[in-house]
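Here is a briefing on a single protein chain. Please have the sequence and the structure open as you read.

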Amino acid sequence: MYEKKNVSKIYSLPKKVVFCKKCVISNQRPRIVFDKNGVCTACNYFEYKAKINWKERENELLKLLEKYRSNDSNYDCVVPSSGGKDSAYVAHELKTKYGMNPLSVTWSPLKYTNIGLKNLNAYSDSGFDIVMGMPRGDTKKKMCREALIEMGDPFQGFIYGQVLFPITIALNYGIRLIFRGENAEAEYGGSRKSWDKKLLTFEEFKNVYFSNYDLNFWLKKGFTKKDLAFFYPPDATGTKGKLCDSYFYGYFRNWSNHSNFYYASKHTGFTPNERRTEGTYTKYSSIDDKLDTFHHWFSLLKFAHGRCTSNAAREVREGYITREEAVALVNKYDNEFPSLYFKEFLEFTSFTEKEFWDIADSWRNKNLWHMQGNDWVKKFPVN
Ligand SMILES: [Zn+2]
């Protein structure tokens, strides 16, 4: 048996569940803030973006690029790239519109889908060098297992690598500039303070990510530092915090998941999936990993906030669907269990089916879910 977690307490979630008046996000999303009119920070940020002078921001970008452009044959910047639509847009625009020479750094998914590999190849074919980080499988699997039990998120280990590996590569290649995509904290609902944030300096990065990097947790679980070489913060001795600033491309250019999809389809050979992703209705977002549906499904257990909620909320903000349509989509798809790759997930993590359901039960937030007949249903469905 696994210890039952008090999820609301762990994440300091508000007692009363409230949904945003404009989109379908609730206040159970960690760190999101609602204003006095009942509108979430992600929606307010979207309104704010409409007032930004994007020409000025682009000029700012041009100045920045001049500062970092190399005079020799070295790369000018690192773009963490999965071959997905968003990173493909960033890298391709930097190269073709602004004449930069980006190095793409890919952190491999837990388990590639065919469409994910196909898109990565197409992306490379469109003119990009890629450094791929593929950590050892035994470590990756064990991290996934431990993270699921202890954090209710099988992807925690993956995220460390995804964030840190591009910095390690940038330092090794002597590249001082990293372009990440959107500022997720602003774009999807964090504090207002994050709205005008354009970069994380190396020092900030260390504070935000490295200090939260609880190495001891993994060491206690029997990993060695050697096992974690790819997941471990890069050795920055002697850099004096000056190297490798990480800028958000979404600060300089008006970010839209939808437009990025059209852009990548046109320029880097990006192809959407033939079928929709389980737990949502979209076919083009995060389609390279067979197992990431479980990351989203566990969010659903903890916050009653599934993959469809995230996708629909974004599309309401961008004006592609109405709130009413979003509510219908969430009620239809959000609770769907990712059965397509369930067997592979169990094989990957070496959990038995019973162990899996016991862990799921230990993380299900009972403030947000109750049983009806044989099914778990949301106590507070979006309306
Ligand atoms: Zn909202």
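This is a predicted model: local features need pLDDT of at least 70, side-chain atom pairs count only at pLDDT 80 or more; totals for chains, interfaces and linings use all residues.

The protein is divided into two parts: domain 1 covers 7–50 + 276–378, and domain 2 covers 54–258.

**Domains**

- Domain 1 is made of two stretches of chain, 7–50 and 276–378, while domain 2 is the stretch 54–258.
- The C-alpha centres of the two domains, domain 1 and domain 2, are 24 Å apart.
- Across the boundary, 37 residues of domain 1 contact 38 residues of domain 2.

**Helix 13 against helix 17**

- Helix 13 spans residues 292–303 and helix 17 spans residues 353–363; their axes come within 8 Å and cross at roughly 45 degrees.
- Helix 13 contributes Phe 294, Trp 297, Phe 298, Leu 301 and Lys 302 to the contact. Helix 17 contributes Phe 356, Trp 357, Ile 359, Ala 360 and Trp 363.
- By class, this contact of helix 13 with helix 17 holds nine nonpolar residues, one charged residue and no polar ones.

**Trp 297 in helix 13**

- Trp 297 sits in helix 13. Its relative accessibility is 6%, so Trp 297 counts as buried.
- Leaving aside neighbours within four places in sequence, Trp 297 contacts Phe 356, Trp 357, Ala 360 and Arg 364, and also Asn 335, Glu 336, Phe 337 and Pro 338.
- Trp 297 and Arg 275 are 22 residues apart along the chain, and their C-alpha atoms are separated by 18 Å.

**Helix 2 and its cover**

- Helix 2 runs over residues 41–50, and its buried residues are Thr 41, Ala 42, Cys 43, Tyr 45 and Lys 49.
- What covers the buried residues of helix 2? The cover includes helix 3 (54–68), helix 8 (184–187) and helix 14.

**Cys 308 in helix 14**

- Cys 308 lies in helix 14. At 0% relative accessibility, Cys 308 is buried.
- Beyond its neighbours within four places in sequence, Cys 308 touches Gly 279, Thr 280, Tyr 281, Leu 329, Val 330, Tyr 333 and Asp 334.
- Cys 308 and Phe 158 are 150 residues apart along the chain; their C-alpha atoms are separated by 22 Å.

**Thr 349 in helix 16**

- Thr 349 belongs to helix 16, which covers residues 342–349.
- Buried or exposed? Thr 349 is buried, with a relative accessible area of 1%.
- Thr 349 touches Cys 144 and Arg 145, not counting residues up to four places away in sequence.

**Arg 29, a loop residue**

- Arg 29 lies in the loop between helix 1 (7–10) and helix 2.
- At 22% relative accessibility, Arg 29 counts as partly exposed. The cut-off matters here, because buried means under 20%.
- Arg 29 and Lys 302 are 273 residues apart in sequence, yet 9.4 Å apart in space, C-alpha to C-alpha.
- Arg 29 touches Tyr 188, Gly 189 and His 305, not counting residues up to four places away in sequence.

**Loop residues with positive phi**

- Ser 286 is in the loop between helix 12 and helix 13. Its phi is near 45 degrees, a positive value in a residue other than glycine.
- Ser 286 counts as partly exposed, at 42% relative accessibility.
- Ala 304 is in the loop between helix 13 and helix 14 (307–317). Its phi is near 55 degrees, a positive value in a residue other than glycine.
- Ala 304 counts as buried, at 17% relative accessibility.

- Ser 256 lies in the loop between helix 11 (249–252) and helix 12 (257–267).
- Ser 256 is buried, with a relative accessible area of 11%.
- Which side chain makes a polar contact with the side chain of Ser 256? The partner is Ser 259, at 2.9 Å.

Conventions
Residues are numbered from 1 along each chain as its sequence is written. Side-chain values use heavy atoms; hydrogens and water are left out. Helices (H or I, at least four residues) and strands (E, at least two) are DSSP runs, numbered from the N terminus. Buried means under 20% relative accessible area, exposed over 50%, partly exposed in between (1.4 Å probe, protein chains only). A polar contact is a pair of N or O atoms within 3.5 Å; within protein, one must be able to donate a hydrogen and the other to accept it, and residues adjacent in sequence count only if both atoms are side-chain atoms. Axes are lines fitted to C-alpha atoms, for helices over the stretch in contact, and angles run from 0 to 180 degrees between N-to-C directions. Contact means heavy atoms within 4.5 Å. Ala, Val, Leu, Ile, Met, Phe, Trp, Tyr, Cys and Pro count as nonpolar, Asp, Glu, Lys and Arg as charged, and the others, Gly among them, as polar. Domain bounds come from an automatic or database domain assignment.
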